[in-house]
Amino acid sequence: MLDTTPLRDAYRALLDAATTVAAAGDTSPVPPAGEWDADQILAHVAIINAVTIAAASSVASGANTTYDNRIAQDTWTLDRIASLAGGNAGLRERIRLQGDALCALGGPVLSEVELDTLVPALLLSKGTVLVNQPVPLRDLITGLADVELPGHTQQLLALLPAHVGAQATP
């Protein structure tokens with residue numbers, strides 16, 4: 001069984017950062033050039049979560065699956081997902097519920113054999129291919145806790161005004 005404590009902690013940190021940014025008084029902090037705003041960051045995470053849940057569910061059902069994060073890089077799609085979710089608060093709630101689902105799937109639901117299932121994966125970041133090979137489902141899930149969520153937590157905190165960001169940084 002996969003220990004989902006780090007994943008739960010990473011979701012908690014991300015959602016705390018998102019709440020801090022939302023409460024900073026500016027509903028749409030201006031990101032640095034070429035970066036996403038808070039809603040786009042959260043929409044990206046929501047899409048990544050959905051792709052991960054889909055892969056885990058496919059493996060649990062015995063179906064073939066792939067993992068491709070390209071759609072989570074498209075700003076039009078990010079804006080649409082943010083709108084469909086009901087904005088920042090809706091995105092935070094969606095991510096909270098998706099985190100609960102992933103922790104349930106990764107913990108008691110999936111067997112060790114299922115977690116070790118190789119999933120053909122294509123992972124990009126800013127147009128650069130990071131992974132283009134089969135990856136164990138377990139690594140896709142733990143990668144959220146180890147890299148994806150902490151990176152986006154820092155990305156959110158970087159949107160805070162300097163005087164607020166200094167107080168919010170762990």
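Reader: Which residues lie nearest the centre of the largest pocket?

Author: Asn69, Leu124, Ser125, Leu130 and Glu148 do, out of 24 residues that line the pocket. Keep in mind that this is a predicted model. The space in that pocket comes to about 650 Å³.

Reader: Which element supplies the largest share of the lining of that pocket?

Author: That's H6, with nine residues. H2, S2 and strand S3 (128-136), like H6, each supply at least two. By class, the lining has 11 nonpolar, nine polar and four charged residues.

Reader: Why is Asn49 called buried?

Author: Buried means under 20% relative accessible area. Asn49 has 0%, so Asn49 counts as buried. You'll find Asn49 in helix H2.

Reader: What does Asn49 touch, leaving out residues up to four places away in sequence?

Author: Asn49 touches Tyr11, Ile95, Gln98, Leu102 and Leu144. Contact here means heavy atoms within 4.5 Å.

Reader: And the largest nonpolar core: which members touch the most others?

Author: There are 49 residues in that core, and Leu7, Tyr67, Leu91, Ile95, Leu137, Leu149 and Leu156 touch the most other members. Elements giving two or more residues to this core include helix H1 (5-22), helix H3 (75-85) and helix H4 (87-109). H2 gives the most, with 12 residues.

Reader: What does Leu7 touch, again not counting residues up to four places away in sequence?

Author: Leu102, Cys103, Ile141, Leu144, Ala145 and Leu149.

Reader: Why would nonpolar side chains be found together?

Author: In soluble globular proteins, they tend to be buried together.

Technical notes:
Residues are numbered from 1 along each chain as its sequence is written. This is a predicted model: local features need pLDDT of at least 70, side-chain atom pairs count only at pLDDT 80 or more; totals for chains, interfaces and linings use all residues. Side-chain values use heavy atoms; hydrogens and water are left out. A nonpolar core is a set of buried Ala, Val, Leu, Ile, Met, Phe, Trp, Tyr and Cys residues joined through side-chain atoms within 4.5 Å. Buried means under 20% relative accessible area, exposed over 50%, partly exposed in between (1.4 Å probe, protein chains only). Helices (H or I, at least four residues) and strands (E, at least two) are DSSP runs, numbered from the N terminus. On a 1 Å grid over the protein atoms alone, a cavity is a set of points where a 1.4 Å probe fits but cannot get out, and a pocket is an open set with protein on both sides within 12 Å along at least five of seven lines; lining residues have an atom within 4 Å of a point. Grid points are joined across faces, edges and corners, and a volume is the space filled by probe spheres set on the points. Ala, Val, Leu, Ile, Met, Phe, Trp, Tyr, Cys and Pro count as nonpolar, Asp, Glu, Lys and Arg as charged, and the others, Gly among them, as polar.
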